[in-house]
Amino acid sequence: MPLKRFKNILFLICFSFVCISFAQEKQRITIKYAGNASTAPEVEDGAIVFLRDKSQQIHFIHEGVNMWCDKAIYYQDQDFIEAFSNVVMKQGDSINMVAKYVEYSGKTQLAFASGDVVLTEPQSTLKTDTLWFNRTRQQAYYNTGGTVVRDSSGTITSQIGRYYMNTSKYQFVKDVVLVNPQYTLNTERLDFYTENGHAYLFGPSTIVGETSKVYCERGFYNTNNDTGHFQRNAKIDYENRTVEGDSLYFDRNKNFASATNNITVTDTLNKSIVKGHYAEVWREKDSMYITKRALAITVQEKDSVYMHADTLLVTGKEDHRITRAFYNVKLYKSDLAGKSDSIHVDHKTGLTQMINLSRFSSTDAFAIQRKPVLWNIENQMTGDTIHLISNVKTEQLDSLKVFNNAFLVSKDTISKDGFNQIKGQQLIGLFKDNELYNVDVLKNAETIRYLRNDDNELIGIQKSKSGSINVKIIDQAVEEVRFINQIDGDIFPETDFPKSARQLRGFDWRGEERPLSVEDLFKDDPPLDLPIIKGLEDYVPAEEFIDDNTTKRVEEAGKATPKKDNKAARNLPKKTTTAPLKATLKKAKPLQSKKEKD
């Protein structure tokens with residue numbers, strides 16, 4: 001026995017010397033240390049079995065790679081090694097892999113590992129059951145499911161994965177899930193960079209947190225600072241509010257989102273929809289800013305209210321929300337329409353204020369300053385300021401107030417240029433079923449009325465002045481006019497009433513401005529110049545892990561032993577095919593003006 005042990009040690013020393021000398025020329029696998037070496041009848045001719053001793057494991061080296069194991073079989077003629085039990089493989093100071101079993105070819109520099117495989121690099125740890133490692137291409141690959149753990153980003157699982165060591169990039173495919181304490185990301189395909197935590201999402205993807213949910217079909221997410229950029233059917237759900245747009249930005253830490261082009265913000269709790277081409281939403285403050293053809297829609301059971309402006313600002317919680325609209329604001333409802341420079345809506349009290357703002361410059365696209373105007377059925381009301389009061393429970397109009405220079409005008413039903421007119425310092429109107437039925441004109445009231453009999457024949461034109469006037473309206477027509485503290489008044493035949501006197505001072509009929517449809521809200525807007533969004537790059541499928549060059553190296557490795565099985569060709573991964581990316585959602589078309597549609 002001592003003699004046999006001596007021969008084994010002598011053989012090992014001689015073999016190591018030959019291998020080391022030969023490695024300098026052919027760069028073959030080198031045995032750095034082994035407890036003992038021998039041949040065995042159950043292994044292939046020319047193969048050597050190495051076993052560790054009590055002091056340390058077997059140690060191999062090959063072109064910058066070190067490998068340790070408890071047992072190894074080395075096939076000299078093919079420069080191929082099988083490593084068993086507690087296998088450790090290291091490349092430089094950054095890549096470390098452990099497994100129960102490893103195969104490695106010195107000719108192809110391909111490694112195959114199985115059994116509790118763990119690949120560690122400075123930023124992450126990969127765990128899988130089976131792993132291939134291509135040293136020439138500096139890539140690792142698995143197709144039987146794997147888990148990547150990165151402390152700051154979370155845990156990523158997928159069925160197929162590849163790690164590019166030169167760029168510190170993972171490429172995950174199929175059933176990809178990233179679990180973070182703050183959110184869970186699901187996607188079809190994911191490119192992830194371990195150094196900066198950047199994640200690129202491809203295909204239908206969701207990021208679900210405690211207070212938000214993001215959906216997109218093409219996206220980017222920075223897992224280090226929790227910000228993201230999403231496109232293609234992108235939307236963000238903030239509890240009861242959903243933000244959609246061509247391009248979305250999201251900041252989880254600030255509870256902030258912004259959207260660009262074809263924006264829709266839906267508030268399911270308050271039954272409202274806001275559209276535009278740029279928006280900012282603050283979830284914590286429950287506030288929103290939207291501009292570029294902004295349109296707010298208050299959804300009501302029978303008839304929705306549309307408000308269009310250059311800019312909309314919604315602030316405050318649900319219990320006291322304020323909506324502000326700026327520049328060329330227009331209202332439309334089937335039985336109500338209006339225009340104003342600015343509108344302020346207090347949703348808690350139901351008060352809508354239509355006011356004018358001082359213009360910034362004469363070159364402003366909305367620089368034409370005109371008094372607020374309101375149309376209800378066939379009645380036009382104007383004044384310096386108009387207040388509309390709604391019943392917040394029934395969502396119906398209750399009353400209106402016109403302050404300073406109040407004017408109520410309705411077109412005479414028959415004559416071409418005749419107008420019924422009432423003016424005064426203030427006007428107070430009352431509504432029933434959203435129709436104006438009572439009007440009080442206060443202070444310095446004046447009126448011109450076209451009086452007709454039951455056959456609609458003109459009786460005469462009445463002109464009067466009084467302290468105030470009360471008007472009763474039935475079926476959209478003036479039924480009764482009462483003059484309080486009348487100063488003077490008379491009824492003139494049409495022929496005796498000069499046309500120059502048929503309009504009160506300050507008369508301004510603006511019927512041609514009245515929006516008759518949602519599309520009319522946009523008809524006089526200045527040209528809209530939307531930014532061109534540079535889309536995120538499309539998914540680029542990875543080349544096969546065993547590419548043509550690798551295939552040639554594998555075939556070349558077997559030429560030295562043509563009568564033996566080419567060990568470098570065994571346990572190669574099969575080619576995988578992945579289905580093309582498909583969209584799953586269709587975004588609703590935004591409301592557009594007729595000009596935009598054309």
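The legends below walk through several close-up views of this predicted model. Residues are numbered from 1 along each chain as its sequence is written, and side-chain values use heavy atoms, with hydrogens and water left out. Because this is a predicted model, local features need pLDDT of at least 70 and side-chain atom pairs count only at pLDDT 80 or more, while totals for chains, interfaces and linings use all residues.

**View 1. Strand 20 pairs with strand 19 and with strand 21.**
Helices (H or I, at least four residues) and strands (E, at least two) are DSSP runs, numbered from the N terminus, and two strands pair if DSSP finds at least two bridges between them. Strand 19 (residues 227–238) runs antiparallel to strand 20, and ten bridges join them. Strand 20 (residues 241–251) is antiparallel to strand 21 (residues 256–267) too, this time over nine bridges. Look for Phe 250: its bridge partner in strand 21 is Ala 257, and Phe 250 is also the bridge partner of Gly 228. Eight of the eleven residues in strand 20 are buried; buried means under 20% relative accessible area, exposed over 50%, and partly exposed in between (1.4 Å probe, protein chains only).

**View 2. Two hairpins flank strand 20.**
Two residues separate strand 19 from strand 20, and Glu 239 in that turn has a positive phi of about 50°. The hairpin of strand 20 and strand 21 has four residues between the strands, with Asn 255 at a positive phi near 55°. While you are here, find His 229 in strand 19, which counts as partly exposed at 25% relative accessibility. His 229 and Ser 258 are 29 residues apart along the chain, and their C-alpha atoms are separated by 9.5 Å.

**View 3. Strand 30 pairs with strand 27 and with strand 31.**
Strand 27 (residues 351–355) and strand 30 (residues 385–391) run antiparallel, joined by four bridges. Thr 352 stands opposite Leu 388 in strand 30. Seven bridges join strand 30 to strand 31 (residues 396–411), also in the antiparallel sense, and Thr 385 has Phe 403 as its bridge partner in strand 31. In the hairpin of strand 30 and strand 31, with four residues between the strands, Glu 395 takes a positive phi near 60°.

Arg 241 lies in strand 20 and Asp 286 in the loop between strand 22 (272–282) and strand 23 (287–298), so the pair ties together parts that are 45 residues apart in sequence.

**View 4. Lys 333 and Asp 335 form another salt bridge.**
Their closest N and O atoms are 3.2 Å apart. Lys 333 is buried, with a relative accessible area of 8%, and Asp 335 is buried at 15%.

Notes
Salt bridge = Lys/Arg side-chain N within 4 Å of Asp/Glu carboxyl O.
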